[in-house]
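User: Hi, I'm new to this one. Could you walk me through how to read it?

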Amino acid sequence: MAPKAAFLAATALAWPAFTQAYTLKDNYMANNYQDFFNKFTFWTGADPTKGLVDYVDEASAWNNGLIGNGGNIYLGVDNTNKVGDEGRKSVRLTGKTAYGPGTLIVADIAYMPQVCGTWPAFWMTAQSDDWPQSGEIDIVENANNAQNNQMSLHVSEKQGQCSIAPNPSMTATKDRWGNCAEEVNGGCEANDPRTNSFGSGFNNNGGGVYAMEWTTQAVRIWFFPRGSIPSGNSGPLGASPDPNTWGTPTTNFQSKDGSGCDMSSHIRNQRIVIDTTFCGTWASGTWSSSGCASKTGYSSCEDYVKNVPGDFKYAFWTFKSLKAYT
């Protein structure tokens with residue numbers, strides 16, 4: 001083999017072949033935002049994360065002012081009424097379209113919940129009862145008054161091993177890493193060290209763009225704060241976004257040695273999910289350590305969520321755009 005050919009072959013083995021550019025498949029903001037909610041179903045069941053939340057249907061969401069599509073997409077919560085054990089009204093949206101490997105999701109978010117007691121998330125999972133056997137990708141998630149985004153990958157060992165590269169090129173700080181099986185390690189996760197990647201720091205900077213690329217070899221996530229979003233057609237908001245021009249990803253769940261985790265068998269039929277829950281395993285579990293107990297004067301997350309409705313006027317999402325590319 002010629003030296004150049006040998007080099008190219010070695011490079012191909014060492015680094016997965018990511019898609020060069022993408023074509024728009026679904027624009028969730030088409031028709032001047034008017035069709036956005038038609039592209040989602042409204043979850044009305046119990047919260048799987050044990051939150052103190054009452055997820056309502058679309059009619060109730062409109063009637064209670066929890067959603068809006070006047071220029072941007074608004075997803076809020078009840079901030080008027082004290083509540084009991086039934087929980088505070090909110091919405092959880094699940095996209096009607098399922099995606100496979102070779103997908104790029106790009107969201108321009110202007111505002112996200114920044115209140116103690118909340119657990120907001122923008123993520124993807126399958127519409128099935130066998131979680132986590134079809135996988136889960138958490139793009140934006142944290143709880144209470146956090147200002148650092150946490151990105152996660154949850155899969156099942158029932159689909160075989162899922163070992164990711166120990167030191168991939170990325171800027172986030174690794175937390176749980178290596179084996180991404182929920183049964184073994186609780187999944188894999190990393191934390192963005194930038195304090196404008198979540199919560200009030202994110203909002204004070206005018207938000208930013210989150211992009212997630214899912215291939216058979218990796219799940220990569222980028223965050224671009226407002227004012228630092230790559231421009232042009234190849235940028236995340238361009239007509240032909242090309243992740244290979246965006247620089248180092250924030251998080252890179254890359255298959256170890258190119259064969260340690262088949263992202264097409266571990267992650268399947270993913271749908272976009274957006275929700276805001278309250279308390280639950282995360283926000284309640286970190287209530288004191290987050291400083292929310294001392295800040296609010298309430299010893300429990302649940303008591304605070306039940307009794308201080310006015311604070312939750314800041315517990316909303318505003319999306320400027322949301323697109324899926326393949």
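Analyst: Let's start with exposure: buried means under 20% relative accessible area, exposed over 50%, and partly exposed in between, using a 1.4 Å probe and protein chains only. Asn269 has 48% relative accessibility, so it counts as partly exposed. This is a predicted model, where local features need pLDDT of at least 70, side-chain atom pairs count only at pLDDT 80 or more, and totals for chains, interfaces and linings use all residues. Residues are numbered from 1 along each chain as its sequence is written, and side-chain values use heavy atoms, with hydrogens and water left out.

User: What is the phi of Asn269, and where is Asn269 found?

Analyst: Most residues other than glycine have a negative phi, and most peptide bonds are trans. Asn269, not a glycine, has a positive phi of about 50°. Helices (H or I, at least four residues) and strands (E, at least two) are DSSP runs, numbered from the N terminus. Asn269 sits in the loop between helix H5 (263-266) and S17. Asn144 also has a positive phi, near 55°, and lies in the loop between S10 and S11. Asn144 counts as buried because its relative accessibility is 1%.

User: Which residues does a cis peptide bond join?

Analyst: Trp131 and Pro132, with omega about 5°. Pro132 belongs to the loop between S9 and S10.

User: How do I read a pocket, and which residues lie nearest the centre of the largest pocket?

Analyst: On a 1 Å grid over the protein atoms alone, a pocket is an open set of points where a 1.4 Å probe fits, with protein on both sides within 12 Å along at least five of seven lines; lining residues have an atom within 4 Å of a point. A volume is the space filled by probe spheres set on the points, which are joined across faces, edges and corners. Here the largest pocket holds about 770 Å³. Its lining has 36 residues, with Pro48, Arg92, Trp123, Trp131 and Glu136 nearest the centre. S9 contributes the most to that lining, four residues.

User: And the nonpolar core: how many residues does the largest one have?

Analyst: A nonpolar core is a set of buried Ala, Val, Leu, Ile, Met, Phe, Trp, Tyr and Cys residues joined through side-chain atoms within 4.5 Å. The largest has 55 residues, and Phe36, Leu75, Phe122, Phe319 and Leu322 have the most contacts inside it. Strand S18 (residues 317-325) gives the most to this core, four residues. Apart from it lies another core of 21 residues, including Cys279 and Cys292.
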